Amino acid sequence: MKQKISDFQLALLVANLIFAGPVISLPQIILQQGDQNAWIVPIIMYPILISLIFIVFGKNKNIDWLQNVLLIGSKSKWIEKVFIMLFLLFVIFTIVRDLRGMIDFVATVLLPTTPNDILMVLSMLVIVYIAISGLEVVARVTGITFSILFIIVAMLPFLLLNEWNFGNLQPLFGWGSIPAILRAFYVTFSWMGEIFFFLIIISNINPAKKARRAVIIGTGLGLFLFFVVLFSSLAVLGTRILRESTYPSLMLIQQINITDFLDRLDLVITVVWLPTIFTKVAFLLYAINHCFSYLYKGNTNKFLFPIAFIIGYLSILMFKNTMDLLRFSFYTWNIIGLILQLMLLFIFLFVKRNVKMRVEHNEAKT
Amino acid sequence: MKIGMIVVWLCLIFYVLFVFKKKIISKKERKWVFLWVGIAFAMSILDLFHLSLSTVTTFLNVTFEGISRMVVKL
């Protein structure tokens, strides 16, 4: 039976996709490029992503095609296979990057003496357990972890109120700051374009009519949280400190100083934050499984366990060290991600057209 | 031997035993199980001997990084 998720769960999944992974170290490069005006980037990003979402969904009137996109075991045309292959490439790059980012973060901040391969194995055992249980479980776990994270991140500006320095946000933007904002926008786009992972589960949304609205709300939620983190980081730490920091978000939450005895709240927040990265990687692993199932024309859950370890080892072997990962994430991924996302979007329009024609043909037959 | 590799090997052995004992896979699907387990095993060996696959990343960095560096401020 096909698994179904609600529009609310879809919104949380999308928000988690664009917040959980990028927040590890992306603020550093955004702030480096955009300087004190970088906080405007999520606000500019939102209408552009909304217009892309409208291109994907089209009019909300005739939405029957949505239930028949990329179904496992159904007849497929070559364009759908091309889409799946490209999607697979996109997912593998993202999961390898995010998993290594998470492993490096844990190895640097939380468990400095634990070897990377042990961190990978233990993480993968948890992730594969969530992913193998199916989309509904991934969505429910994301619902729990992301809701808690949302509350905490939304509270961040208030928790840090005593550390704010408005001088860090000045001078406010003028014509001269446009190139800096555009550079920051370019760096951010390929990361925020990861909302397009929802394309693989587009037929699992119930009710289908609310799918477009859910993706728009999810994108808004994710970008709002990202805006909160960027703005708070700028206001509290300023660009000079942030551009030198590998983990600016961690540095930000380390500044929370409510009372004399509550000075290690960063650990509590990190404990809430890490599960959201786990659920994002679990969703990506589920997406890989879905792609394999589509190409195999049957359920590939039984092969997912060794595949998960292969992905885990790829994340360790593809990058020599953290600097190599950051170099790939900050400079190479921008252009590769952008190309892949635009290609996927373009090909999906043809896939959509094919599915629509097939649905109309079947309706005419009956 | 690295501890991570031992854990992965044990996991893979348990997986193969489980899959065969419970008859989850058909005869036709056996080749896929062996293929995936074989690749995972090979990658653990690569990790043991510190044989990095960073050539892929280096190739991508060399090919595409230049474009990004033209746009961003260094």
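This is a predicted model: local features need pLDDT of at least 70, side-chain atom pairs count only at pLDDT 80 or more; totals for chains, interfaces and linings use all residues.
Two residues count as being in contact when their C-beta atoms, placed from the backbone, lie within 7 Å.

Chain A is built from helices, 13 of them, with 0 strands. Going along the sequence, the pattern is simply α-α-α-α-α-α-α-α-α-α-α-α-α. Its C-alpha atoms fill a box of roughly 70 × 50 × 35 Å along the principal axes. For a chain of 366 residues, a compact globule would have a radius of gyration near 21 Å, and chain A, at 21 Å, agrees with that. As for burial, 48% of the 366 residues of chain A count as buried.

Met45(A) sits in helix α3, which covers residues 41-57 of chain A. Is this residue, Met45(A), buried or exposed? It has 22 other C-beta atoms within 10 Å, and because 20 or more is the cut-off, Met45(A) is buried. Leaving aside residues up to four places away in sequence, Met45(A) touches Phe185(A), Thr188(A), Met192(A) and Leu223(A). The C-alpha atom of Phe189(A) is 7.6 Å from that of Met45(A), although 144 residues separate the two along the chain.

Next comes a pair of packed helices. Such a pair is described by the angle between the two axes and the distance between them. Helix α5 (residues 116-132) and helix α11 (residues 265-296) of chain A pack at about 55°, and their axes are 8 Å apart. The two helices, α5(A) and α11(A), are therefore oblique to each other, and the crossing of α5(A) past α11(A) is right-handed. On the α5(A) side, Val126(A), Ile127(A), Val128(A), Ile130(A) and Ala131(A) take part; they meet Phe278(A), Thr279(A), Val281(A), Ala282(A), Leu285(A), Tyr286(A) and Asn289(A) of α11(A). Sorted by class, this contact of α5(A) with α11(A) has 10 nonpolar and 2 polar residues, with no charged ones.

Chain A also has a partner. In the contact between the two chains, 31 residues of chain A meet 36 residues of chain B. On the chain B side, the elements giving two or more residues are α1 (3-21), α2 (30-48) and α3 (54-71). Of these, α3(B) provides the largest share, with 11 residues. The side of chain B that touches chain A has 24 nonpolar, 7 polar and 5 charged residues.

Conventions
Residues are numbered from 1 along each chain as its sequence is written. Chains are lettered from A and ligands numbered from 1 in the order in which they are written. Helices (H or I, at least four residues) and strands (E, at least two) are DSSP runs, numbered from the N terminus. The radius of gyration is taken over C-alpha atoms; the globule rule is 2.2 Å times the number of residues to the power 0.38. A residue is buried if 20 or more other C-beta atoms lie within 10 Å of its own, exposed if 12 or fewer, and partly exposed in between; C-beta atoms are placed from the backbone. Axes are lines fitted to C-alpha atoms, for helices over the stretch in contact, and angles run from 0 to 180 degrees between N-to-C directions. Angles under 35 degrees count as roughly parallel, over 145 as roughly antiparallel, 65 to 115 as roughly perpendicular and the rest as oblique. A crossing is left-handed if the near helix is turned anticlockwise from the far one by less than a right angle, and right-handed if clockwise. Ala, Val, Leu, Ile, Met, Phe, Trp, Tyr, Cys and Pro count as nonpolar, Asp, Glu, Lys and Arg as charged, and the others, Gly among them, as polar.
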